[in-house]
Structures are given as structure tokens and as C-alpha cells.
Amino acid sequence: MVRVTDEDLALIHPLKRDPETGEPYLQLAPPYAHIVLTPQRLSDVPAVVENLNDPRIHKNLIGPPLPYFHGDAVDWLTSGRTDSEYALARIRAGKPFVEAVVTRAIRDISNSSIAEAKLIGDCCIDRHGFDDILDADLSERLDKENAAKATGDPTITWSVGDWIDPAHQGQGIMTAVIATLIREWCIPKMNTRIIFASAFMGNRASVRVFEKNGFRNLPDAPDVLQLPDAKGGGRMGLHRLEWRLEEQAREE
Ligand SMILES: CC(C)(COP(=O)(O)OP(=O)(O)OC[C@H]1O[C@@H](n2cnc3c(N)ncnc32)[C@H](O)[C@@H]1OP(=O)(O)O)[C@@H](O)C(=O)NCCC(=O)NCCS
């Protein structure tokens, strides 16, 4: 489990510290105060395996393998924990900016404490890999340029990956999670100015979540992805959207 101390609190604001677990967390504002965001936990393995083998989730995701095994979840959660620990270490060392969303695990505390709250989803905001660009050389060049930028560089393009379990879909939760993470963490702690988002062609729910957060539609990228055989093979197009802080500021 990723833990912080009371001495860390001033540095990690607006994250709070759960006294029971010692974990940092972010609580959404009403009417979503029953949702908290924490670091990932190794005890999330069963929930991750269940959700990433559920067609209602995996049919819209390119990254995770299918079938999704226990070991896949262990590797993924371990690497997320390392990213969170690294970000917290940077903050403790006085660095102004970090690379990762420390609290990406979404939990519902309606009927439990934070310590016992089951994982209901995930929202990751990390560097964009430009896999929405069909020209392989251009995609690779942009990916390398973006990856080479120093932490905190305001010209970094970030991208969002997200899922929420079917029982919690359609309640406005992911829209509120993304709004909260951008405002409370990505802008102040990652110096995020540009965020790219994409969704499989026809995934209107995902597009809506981004539109509701002020993302602007870009032209679709037809047939840009090759789906693995386990997901039916063939080509898949992407809806593409972009968020720029300067545009948000102008609209306010
Ligand atoms: C996409 C996903 C993350 C959205 O999370 P969520 O918490 O259900 O989203 P919200 O409730 O905040 O908003 C969903 C919006 O899409 C709309 N929507 C849902 N299904 C829709 C459909 N089939 N057609 C059009 N709009 C749809 C909802 O009405 C809502 O918009 P509204 O507030 O304007 O009415 C969730 O559905 C999910 O995990 N899907 C599977 C994995 C996935 O697609 N991840 C995204 C990969 S890019």
C-alpha cells in the first residue's frame, strides 16, 4: 500500500491522509462525495481481473491483454504503485512537478471505509504515445519527442485512459473523476496544459465524458488501430479529442 505521513500533508495538498490505512486520497465533491480516489493496491487484483475480462469493459480498451490474468493485474498494479511512490518521493524532495496521478484508483465508500472500499474503476493520465496517427514514422517521432521532455514541461501532451465497472456506469462518476483529477492534481502537480483523449469508434459514452470536461472534438482517425485476434482482429477507428488549459481559461 502507498502511504504518507502527517508531515507529508502540507506537501501533497489537496490529497488527504486516511488515518486507518495511511494512504493519500482525494474525495470528490458532492454529489459524488461517496467516491474517493486512492493509489492502487495489490489487493485490487481480483477486481481488476474481473473487470478487464468483462466484455462491457474490454471491448473498448486496446491496451490490456485478453484474457486478462492474475499475473497481468499484479504487474500492472505493481508498476502503478512504483509510479505513485516515485511521484511522492519527488514531492518530498521539493521538486515542483511529478509524472503521475498518485490517486488513480476509483473506490465507492457508500457502504465501507476507505480501507475496505473495493476498486470500481481506474483513471490514468500519462504521456500520450500518439498511437492515433496512422503514419508509423510520424507517430514514433512525436512519441519520442513527447517522452523526451522534462517532467513539468508545459508542452507535454498527456492522455487519458479510463474504465469503470458496469454497476457504476452512467452515474456521472467518470466525468467527475476526470474533472477532479485535472483540476486538483494534473494542473498544479504535473503542470498539465494539453490532454489528448481517444475512444473506439462508436464509444459515445467515453466521448461524452470528455466533451462534458471541455475537450474539443478533433477529426476521427478511421482504421488507425489493429485489434488483436482476441478482440476480433481487423482495424478500428478512433474518435479523437483534445483539451487545452488556455482554451478553458478563455471560456471561463
Ligand atoms: C466510458 C466510461 C468510462 C464512462 O464512465 P461513466 O462513469 O459511465 O460516464 P458518465 O456517467 O460520467 O457519463 C456518460 C455519458 O455518456 C452518455 N452515454 C452513455 N452511453 C451512451 C450511448 N450509448 N450513446 C450516447 N451517450 C451515451 C451518458 O448519457 C452520459 O452523458 P450525459 O451526462 O450527457 O447524459 C464507462 O462507460 C466505461 O468504463 N466503459 C468501458 C470502458 C471504456 O469505454 N473506457 C474508455 C476508453 S476510451
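**F130.** I looked up F130 and found it buried, with 20 other C-beta atoms within 10 Å. I took a residue as buried if 20 or more other C-beta atoms lie within 10 Å of its own, as exposed if 12 or fewer do, and as partly exposed in between, with C-beta atoms placed from the backbone. F130 is found in the loop between β5 (119-127) and α5 (136-148). I noted a phi near 60° for F130, a positive value in a residue other than glycine.

**Basis.** I worked on a predicted model, in which local features need pLDDT of at least 70, side-chain atom pairs count only at pLDDT 80 or more, and totals for chains, interfaces and linings use all residues. I numbered residues from 1 along each chain as its sequence is written. I took helices (H or I, at least four residues) and strands (E, at least two) as DSSP runs, numbered from the N terminus.

**D223.** I found a positive phi, near 55°, in D223, also a residue other than glycine. D223 lies in strand β8 (residues 216-226). I counted 13 C-beta neighbours inside 10 Å, so D223 is partly exposed.

**Cis peptide bonds.** I noted a cis peptide bond joining P30 and P31, with omega about 10°. P31 sits in the loop between β2 (24-27) and β3 (35-38). I recorded a cis peptide bond between L66 and P67 as well, with omega about -5°. P67 has its place in the loop between α3 (55-58) and α4 (70-92). For reference, most residues other than glycine have a negative phi, and most peptide bonds are trans.

**Helix α2.** I listed the buried residues of α2 (residues 45-52) as V48, N51 and L52. They lie on the same side of α2, because they cover an arc of only 90° around the axis; I took the arc from the directions from the helix axis to the C-beta atoms. An α-helix has 3.6 residues a turn, so residues three or four places apart point the same way. I found that the buried residues of α2 pack against α3, α4, β5 and β6. For contacts I required the C-beta atoms of two residues, placed from the backbone, to lie within 7 Å.

**Ligand shell.** I found 20 residues around the ligand, of which the closest are N60, M174, T175, R204 and A205. I noted α7 as giving the most, with 5 residues. By class I recorded 9 nonpolar, 8 polar and 3 charged residues in the shell. Here Ala, Val, Leu, Ile, Met, Phe, Trp, Tyr, Cys and Pro count as nonpolar, Asp, Glu, Lys and Arg as charged, and the others, Gly among them, as polar.

**Whole protein.** I counted 8 helices and 9 strands. The C-alpha trace spans about 50 × 40 × 35 Å along its principal axes. Buried residues make up 34% of the 252 residues. Among contacts between residues at least 6 apart in sequence, 63% join residues at least 24 apart.

**Record.** I found residues 35-216 listed by UniProt as "domain: N-acetyltransferase" in an unreviewed entry. The end C-alpha atoms of residues 35-216 lie 27 Å apart, and the span is 41% helix and 18% strand. UniProt positions are in the numbering used here, feature names are shortened, and annotations may be inferred rather than shown by experiment.

Note on methods
Near = placed C-beta within 6 Å.
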